[in-house]
Amino acid sequence: MELKRICIVGGAGHVGLPLAMMLAERGFTVDILDRNDAALDVLRAGRMPFMEEGGEELLRKVLPTGRLKMTTDPAVVREAQAVICVIGTPVDEHLSPDLVGFYRVIDEMRPHFRDGQTLILRSTVYPGLSERIHRMFRESGPNVHVAFCPERVAQGHSLREIRDLPQIVSAFDAEGLAVARQLFSEVARELIDVKPMEAELAKLMCNCYRYITFAIANQFHMLATDAGVDFAQVHRATTLHYPRTEHMPRPGLAAGPCLLKDTMQLAAFANNNFFLGHAAMLVNEGQPQFIVNCLKRRTELRTKRVGILGMTFKADCDDTRDSLCFKLRKLLMLEAREVVMHDPYLDGEGYLPLAEVLAGCDVIVVGVPHKEYRGLRIPAGKVVEDVWNCLAKEQGA
Ligand SMILES: NC(=O)c1ccc[n+]([C@@H]2O[C@H](COP(=O)([O-])OP(=O)(O)OC[C@H]3O[C@@H](n4cnc5c(N)ncnc54)[C@H](O)[C@@H]3O)[C@@H](O)[C@H]2O)c1
């Protein structure tokens, strides 16, 4: 089958949009189907709704071709040979995966599908969800081929990583697999064929592995700091020119919309017996309180004005989803006289210019090591807490 028209459900999101633009650049007509009207308006105006390396340039290139279309109307699904679904898959307030919500979205779109189409699931899903959706189509029609091809990019670098990383492909029949292979061989260098359940587990395990690795670094940092030892020196001694540990991450706030929730999805799948995953959660989610405790040992916070540098979930991006900096802020608000924030990518209530934060706060805490903060010199006399070790050395009290 010649693939010409692709629909991306959730196509205005962080994962959907870069892929939509790349496919449009490759010559496909791509319908972005998204319920976020505001993001679609921003796109129509030629701007990116979020930061993405190379995003604005590619958008300006593909928009005039007319091949990148945007709508909120699910009827557009009917026009496509392949429909890619990349809506969010959060865990609920009990950290349980919301299978029903995802299943319901697909079920609601089902009247717009027709025989012979391929539905490619690209969100990170609870293991077995693709099979359920495949069965739903088998049992009640139409005759849609279901594939599962997870996204593994690091947010903000999708345009480069979609091209450079191997793409995992899986499907429940040969037709679906052929379409998935045809589509992704247009944008990815290498394809890895596995069964759907293998692909679902592989994607979750990629994220869990990272989350647990961050937890190791964080726990080592806590352990050394509690012993009065500078962990930056320990890390250097542990990793420098030593191949067996050179990939050990540095400590920090391990946050964002994917790592914790995917670890919890795997934990739910493992009947909540995923000890390493839960232990990693305790360590990583405990880091903000650890930072506050370190400060309390060094100063009387009750009388102090605290400034947090950086509030996004990771450096050099504008995304605050599930950022642990807000947990840090809440904890500090319980202890300090006042807490203010700076972030080069954010503004609003509570945010101040960097110079004001540096001049007017008694305590400076690094939330996220944006490039603006790397090597930054803090005025003398401040109490500084820099878990990321990104500021200039020899400063503060
Ligand atoms: N963000 C990442 O870097 C990343 C990387 C790999 C995998 N993932 C996975 O990809 C999936 C999407 O993540 P994201 O960060 O792009 O989320 P996102 O919130 O940025 O994007 C999801 C998009 O889906 C839209 N949407 C939700 N429900 C819809 C519906 N019923 N109809 C039409 N549009 C709908 C939203 O408006 C939003 O634009 C998740 O499963 C996530 O775990 C994310």
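Predicted model: local features only at pLDDT ≥ 70, side-chain atom pairs only at ≥ 80, totals over all residues.

Visitor: Why are arginine 44 and aspartate 41 said to meet in a salt bridge?

Guide: A salt bridge needs a side-chain nitrogen of Lys or Arg within 4 Å of a carboxyl oxygen of Asp or Glu. For arginine 44 and aspartate 41 the N to O value is 2.9 Å, so the pair qualifies. The two residues sit three apart in helix α2 (residues 37-44), which puts about one helical turn between them.

Visitor: Which parts does the salt bridge of arginine 297 and aspartate 226 tie together?

Guide: The side chains of arginine 297 and aspartate 226 meet at 3.4 Å, N to O. Arginine 297 belongs to helix α11 (residues 275-298) and aspartate 226 to helix α8 (residues 196-226), so this pair ties together parts that are 71 residues apart in sequence. Both arginine 297 and aspartate 226 are exposed.

Visitor: How do you know that arginine 302 and glutamate 300 form a salt bridge?

Guide: Their closest N and O atoms are 3.7 Å apart. The cut-off is 4 Å, so this pair passes too. Arginine 302 is exposed at 57%, whereas glutamate 300 is partly exposed at 44%.

Visitor: Let us turn to the rings. Why is the pair of phenylalanine 113 and phenylalanine 137 called edge-to-face?

Guide: A search of the whole structure finds two aromatic pairs. In the pair of phenylalanine 113 and phenylalanine 137, the centres are 5.4 Å apart and the planes make 70°. Centres must lie within 6.5 Å, and planes over 60 degrees apart count as edge-to-face, so both conditions hold. Phenylalanine 113 is in the loop between α4 and β5, and phenylalanine 137 is in helix α5 (residues 129-140), so the pair ties together parts 24 residues apart in sequence.

Visitor: What makes β3 and β8 edge strands?

Guide: They belong to an open sheet of eight strands in the order β3-β2-β1-β4-β5-β6-β7-β8, with mixed pairing. β3 (68-71) and β8 (191-193) each have a single partner strand, so one side of each has no neighbour in the sheet. From one strand to the next, the twist averages 25°.

Visitor: How do you know that β1 and β4 pair?

Guide: Two strands pair if at least two bridges are found between them. Strand β1 (residues 5-9) and strand β4 (residues 82-85) have four bridges, in the parallel sense, so they pair. Cysteine 7, for example, has valine 83 in β4 as its bridge partner.

Visitor: Where are the edges of the four-stranded sheet?

Guide: That open sheet has the order β10-β9-β11-β12, with parallel pairing. β10 (338-342) and β12 (383-385) stand at its edges, each with a single partner strand. On average, neighbouring strands here are turned by 20° against each other, direction ignored.

Visitor: How many residues are in the largest nonpolar core?

Guide: There are 42, and Ile8, Met21 and Leu23 are among those with the most contacts inside it. Helix α1 (residues 16-25) gives the most to this core, with seven residues. A second, separate core has 41 residues, including Ala336 and Trp388.

Terms used. Residues numbered from 1 in each chain as written. Heavy atoms only, no water. Core = buried A, V, L, I, M, F, W, Y, C linked by side-chain atoms within 4.5 Å. Buried < 20%, exposed > 50% of the residue type's maximum accessible area, 1.4 Å probe, protein only. Axes fitted to C-alpha atoms, helices over the stretch in contact; angles between N-to-C directions. Phe/Tyr/Trp six-rings, centres within 6.5 Å; stacked < 30°, edge-to-face > 60°.
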